[in-house]
Amino acid sequence: MEIEEAAYAFPWTRGIFEDCLRVGYDCQGIQLGSLLVGYAVLTQVAGECHLLNLCVDPQWQRRHLGSVLLEQSIRKAIESNCESMFLEVRPSNRAGISLYRKRGFQVLGERPDYYRAASGREKAFIMFIDLDQDHANRTRPVPRHDPL
Ligand SMILES: CC(C)(COP(=O)(O)OP(=O)(O)OC[C@H]1O[C@@H](n2cnc3c(N)ncnc32)[C@H](O)[C@@H]1OP(=O)(O)O)[C@@H](O)C(=O)NCCC(=O)NCCS
(Lines give C-alpha, C1' and ligand atoms only; values in the text may rest on other atoms or scores of the structure.)
Protein backbone atom coordinates (compact mmCIF):
# COMPACT_ATOMS: atom_id res chain seq x y z
CA MET A 1 0.00 0.00 0.00
CA GLU A 2 2.91 2.36 0.71
CA ILE A 3 4.24 1.91 -2.82
CA GLU A 4 0.77 2.12 -4.37
CA GLU A 5 -0.06 5.33 -2.53
CA ALA A 6 3.31 6.89 -3.35
CA ALA A 7 3.11 5.96 -7.04
CA TYR A 8 -0.48 6.79 -8.00
CA ALA A 9 -2.63 9.91 -7.56
CA PHE A 10 -5.62 7.54 -7.38
CA PRO A 11 -4.28 4.38 -5.77
CA TRP A 12 -6.01 1.03 -5.41
CA THR A 13 -7.42 0.41 -1.95
CA ARG A 14 -6.25 -2.35 0.35
CA GLY A 15 -9.61 -4.05 -0.35
CA ILE A 16 -8.85 -4.25 -4.09
CA PHE A 17 -5.50 -5.96 -3.39
CA GLU A 18 -7.17 -8.34 -0.93
CA ASP A 19 -9.84 -9.21 -3.52
CA CYS A 20 -7.16 -9.87 -6.17
CA LEU A 21 -5.32 -12.22 -3.82
CA ARG A 22 -8.54 -13.91 -2.66
CA VAL A 23 -9.77 -14.73 -6.17
CA GLY A 24 -6.32 -15.99 -7.17
CA TYR A 25 -5.17 -13.38 -9.65
CA ASP A 26 -1.51 -13.72 -10.52
CA CYS A 27 0.25 -11.29 -8.16
CA GLN A 28 3.99 -10.93 -8.55
CA GLY A 29 6.43 -8.87 -6.56
CA ILE A 30 9.98 -7.78 -7.28
CA GLN A 31 12.35 -7.57 -4.32
CA LEU A 32 15.79 -6.11 -3.76
CA GLY A 33 17.00 -8.25 -0.88
CA SER A 34 14.01 -8.31 1.44
CA LEU A 35 12.64 -4.97 0.19
CA LEU A 36 9.57 -5.06 -2.03
CA VAL A 37 10.10 -2.45 -4.75
CA GLY A 38 7.37 -3.25 -7.28
CA TYR A 39 4.56 -5.56 -8.26
CA ALA A 40 2.27 -6.64 -11.06
CA VAL A 41 -1.25 -8.07 -10.98
CA LEU A 42 -2.63 -10.06 -13.92
CA THR A 43 -5.69 -12.08 -14.69
CA GLN A 44 -6.23 -14.57 -17.48
CA VAL A 45 -9.53 -15.46 -19.12
CA ALA A 46 -10.05 -17.54 -22.26
CA GLY A 47 -6.57 -17.06 -23.68
CA GLU A 48 -6.44 -13.34 -22.92
CA CYS A 49 -4.27 -11.86 -20.22
CA HIS A 50 -5.29 -8.57 -18.63
CA LEU A 51 -2.55 -6.62 -16.85
CA LEU A 52 -4.43 -4.89 -14.04
CA ASN A 53 -1.59 -3.16 -12.21
CA LEU A 54 2.13 -2.68 -12.73
CA CYS A 55 3.92 -0.44 -10.29
CA VAL A 56 7.44 0.37 -9.14
CA ASP A 57 8.28 2.30 -5.97
CA PRO A 58 8.99 5.90 -7.09
CA GLN A 59 12.34 5.73 -5.28
CA TRP A 60 13.36 2.81 -7.51
CA GLN A 61 11.92 3.89 -10.85
CA ARG A 62 14.04 4.25 -14.03
CA ARG A 63 16.21 1.26 -13.11
CA HIS A 64 14.51 -1.16 -15.51
CA LEU A 65 12.51 -2.84 -12.73
CA GLY A 66 9.25 -2.01 -14.52
CA SER A 67 10.64 -3.60 -17.68
CA VAL A 68 11.61 -6.72 -15.73
CA LEU A 69 8.13 -6.97 -14.19
CA LEU A 70 6.50 -6.50 -17.59
CA GLU A 71 8.71 -9.16 -19.17
CA GLN A 72 7.97 -11.56 -16.33
CA SER A 73 4.23 -10.90 -16.77
CA ILE A 74 4.46 -11.60 -20.50
CA ARG A 75 6.40 -14.80 -19.83
CA LYS A 76 3.74 -15.97 -17.36
CA ALA A 77 0.98 -15.19 -19.86
CA ILE A 78 2.76 -17.18 -22.59
CA GLU A 79 3.32 -20.10 -20.19
CA SER A 80 -0.43 -20.06 -19.51
CA ASN A 81 -1.10 -20.24 -23.27
CA CYS A 82 -2.49 -16.73 -23.52
CA GLU A 83 -2.59 -15.42 -27.08
CA SER A 84 -2.76 -11.76 -26.19
CA MET A 85 -2.29 -9.31 -23.36
CA PHE A 86 -4.10 -6.04 -22.86
CA LEU A 87 -4.18 -3.27 -20.31
CA GLU A 88 -5.62 0.18 -19.69
CA VAL A 89 -3.42 3.25 -19.21
CA ARG A 90 -4.12 6.93 -18.73
CA PRO A 91 -3.23 9.03 -21.79
CA SER A 92 -1.43 11.33 -19.31
CA ASN A 93 0.81 8.48 -18.11
CA ARG A 94 3.84 9.09 -20.31
CA ALA A 95 6.07 6.67 -18.42
CA GLY A 96 3.56 3.82 -18.68
CA ILE A 97 2.78 4.40 -22.36
CA SER A 98 6.46 4.62 -23.22
CA LEU A 99 7.24 1.40 -21.29
CA TYR A 100 4.46 -0.51 -23.05
CA ARG A 101 5.18 0.87 -26.52
CA LYS A 102 8.84 -0.01 -26.17
CA ARG A 103 7.83 -3.61 -25.46
CA GLY A 104 5.60 -3.77 -28.53
CA PHE A 105 2.15 -2.88 -27.20
CA GLN A 106 -0.10 -0.84 -29.46
CA VAL A 107 -3.09 1.35 -28.70
CA LEU A 108 -6.17 -0.64 -29.68
CA GLY A 109 -8.86 1.78 -28.60
CA GLU A 110 -10.18 3.96 -25.79
CA ARG A 111 -12.54 3.63 -22.85
CA PRO A 112 -14.25 6.98 -22.20
CA ASP A 113 -14.47 8.27 -18.60
CA TYR A 114 -12.60 5.24 -17.29
CA TYR A 115 -10.47 6.82 -14.55
CA ARG A 116 -11.05 9.28 -11.76
CA ALA A 117 -9.16 12.50 -12.40
CA ALA A 118 -8.44 15.75 -10.57
CA SER A 119 -11.37 17.34 -12.40
CA GLY A 120 -13.96 14.79 -13.46
CA ARG A 121 -12.92 11.68 -15.37
CA GLU A 122 -10.13 10.70 -17.76
CA LYS A 123 -10.41 8.22 -20.60
CA ALA A 124 -8.19 5.14 -20.83
CA PHE A 125 -6.14 3.92 -23.75
CA ILE A 126 -6.51 0.18 -24.25
CA MET A 127 -3.11 -1.24 -25.17
CA PHE A 128 -2.63 -4.67 -26.68
CA ILE A 129 0.09 -7.10 -27.70
CA ASP A 130 -0.36 -10.25 -29.80
CA LEU A 131 1.73 -12.75 -27.82
CA ASP A 132 1.77 -15.41 -30.54
CA GLN A 133 3.14 -12.92 -33.05
CA ASP A 134 5.56 -11.49 -30.50
CA HIS A 135 6.88 -14.95 -29.64
CA ALA A 136 7.25 -15.84 -33.34
CA ASN A 137 9.16 -12.60 -34.01
CA ARG A 138 11.50 -13.17 -31.09
CA THR A 139 12.27 -16.81 -31.84
CA ARG A 140 12.60 -16.47 -35.63
CA PRO A 141 16.22 -17.23 -36.62
CA VAL A 142 18.21 -14.18 -37.62
CA PRO A 143 18.92 -14.44 -41.39
CA ARG A 144 22.60 -14.82 -42.14
CA HIS A 145 24.00 -12.44 -44.72
CA ASP A 146 26.45 -14.97 -46.02
CA PRO A 147 27.09 -14.56 -49.76
CA LEU A 148 28.11 -18.21 -50.01
C1 LIG B 1 5.44 2.92 -15.43
C2 LIG B 1 6.44 2.34 -14.45
C3 LIG B 1 5.98 0.96 -13.97
C4 LIG B 1 7.82 2.20 -15.16
O5 LIG B 1 8.71 1.55 -14.26
P6 LIG B 1 10.28 1.83 -14.29
O7 LIG B 1 10.96 0.77 -13.50
O8 LIG B 1 10.58 3.24 -13.94
O9 LIG B 1 10.56 1.65 -15.86
P10 LIG B 1 11.92 1.22 -16.57
O11 LIG B 1 13.09 1.77 -15.84
O12 LIG B 1 11.90 -0.25 -16.80
O13 LIG B 1 11.78 2.02 -17.95
C14 LIG B 1 11.44 1.36 -19.16
C15 LIG B 1 11.02 2.40 -20.17
O16 LIG B 1 9.81 3.03 -19.73
C17 LIG B 1 9.83 4.41 -20.11
N18 LIG B 1 9.82 5.26 -18.93
C19 LIG B 1 9.94 4.87 -17.64
N20 LIG B 1 9.82 5.95 -16.84
C21 LIG B 1 9.62 7.01 -17.63
C22 LIG B 1 9.40 8.40 -17.38
N23 LIG B 1 9.40 8.89 -16.14
N24 LIG B 1 9.20 9.22 -18.44
C25 LIG B 1 9.20 8.74 -19.70
N26 LIG B 1 9.41 7.43 -20.01
C27 LIG B 1 9.62 6.59 -18.98
C28 LIG B 1 11.11 4.61 -20.90
O29 LIG B 1 10.80 4.34 -22.26
C30 LIG B 1 11.98 3.53 -20.35
O31 LIG B 1 12.99 3.12 -21.21
P32 LIG B 1 14.47 3.80 -21.10
O33 LIG B 1 14.91 3.59 -19.67
O34 LIG B 1 15.28 3.04 -22.09
O35 LIG B 1 14.27 5.25 -21.41
C36 LIG B 1 6.66 3.30 -13.25
O37 LIG B 1 6.89 4.60 -13.75
C38 LIG B 1 5.50 3.33 -12.28
O39 LIG B 1 5.38 2.47 -11.41
N40 LIG B 1 4.63 4.35 -12.43
C41 LIG B 1 3.48 4.50 -11.53
C42 LIG B 1 2.48 3.38 -11.73
C43 LIG B 1 2.01 3.33 -13.18
O44 LIG B 1 1.70 4.35 -13.78
N45 LIG B 1 1.93 2.11 -13.71
C46 LIG B 1 1.42 1.87 -15.05
C47 LIG B 1 -0.06 1.84 -14.96
S48 LIG B 1 -0.78 1.36 -16.50
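## Strand pairing

In strand 6, Asp 130 is the bridge partner of Ser 84. Strand 4 and strand 6 (residues 121-130) pair in the antiparallel sense over six bridges, where pairing requires that DSSP finds at least two bridges between two strands. The model is a predicted one, in which local features need pLDDT of at least 70, side-chain atom pairs count only at pLDDT 80 or more, and totals for chains, interfaces and linings use all residues. Residues are numbered from 1 along each chain as its sequence is written.

Strand 6 also pairs in the antiparallel sense with strand 5 (residues 106-116), over seven bridges. Here Glu 122 of strand 6 is the bridge partner of Tyr 115. Strand 5 and strand 6 form a hairpin with four residues between them, and Gly 120 in the turn has a positive phi of about 85 degrees. In a regular strand the side chains alternate between the two faces of the sheet.

## Overall architecture

The protein has five helices and six strands, both taken as DSSP runs numbered from the N terminus (helices: H or I, at least four residues; strands: E, at least two). Their order from the N terminus on is α-α-β-β-β-α-β-α-β-β-α. Along the principal axes, the C-alpha atoms fill a box of roughly 65 × 40 × 30 Å.

Of the 148 residues in the protein, 18% are buried. A residue is buried if 20 or more other C-beta atoms lie within 10 Å of its own, exposed if 12 or fewer, and partly exposed in between, with C-beta atoms placed from the backbone. Among contacts with a separation of 6 or more, residues 24 or more positions apart account for 51%; two residues are in contact if their C-beta atoms, placed from the backbone, lie within 7 Å.

## Helix 3

The 15 residues of helix 3 should span 21 Å at 1.5 Å a residue, and the end C-alpha atoms of the helix are 21 Å apart, which agrees. The expected span is 1.5 Å times one less than the number of residues. Helix 3 is followed by Asn 81, whose phi is positive, near 65 degrees.

Within helix 3, the residues Gly 66, Leu 69, Leu 70, Ser 73, Ile 74 and Ala 77 are buried. They lie on the same side of helix 3 because they cover an arc of only 135 degrees around the axis, the arc being that of the directions from the helix axis to the C-beta atoms. Their cover includes strand 1 (26-32), strand 2 (35-45), strand 3, strand 4, helix 4 and helix 5 (131-139). On the other side of helix 3, Glu 71, Arg 75 and Glu 79 are exposed.

## Ligand surroundings

Around the ligand there are 21 residues, of which Gln 61, Gly 66, Ser 67, Ala 95 and Leu 99 come nearest; a residue is near a molecule if its C-beta atom, placed from the backbone, lies within 6 Å of it. The elements that give two or more residues to this shell are strand 3 (48-56), helix 3 (65-79), strand 4 (84-89) and helix 4 (94-102). Helix 4 gives the most, with six residues.

By class, the shell has ten nonpolar, seven polar and four charged residues. Ala, Val, Leu, Ile, Met, Phe, Trp, Tyr, Cys and Pro count as nonpolar, Asp, Glu, Lys and Arg as charged, and the others, Gly among them, as polar.

## Ala 7

Ala 7 is found in helix 1 (residues 2-7). Ala 7 counts as partly exposed because it has 16 C-beta neighbours inside 10 Å. Leaving aside neighbours within four places in sequence, Ala 7 is in contact with Cys 55, Asp 57 and Pro 58.
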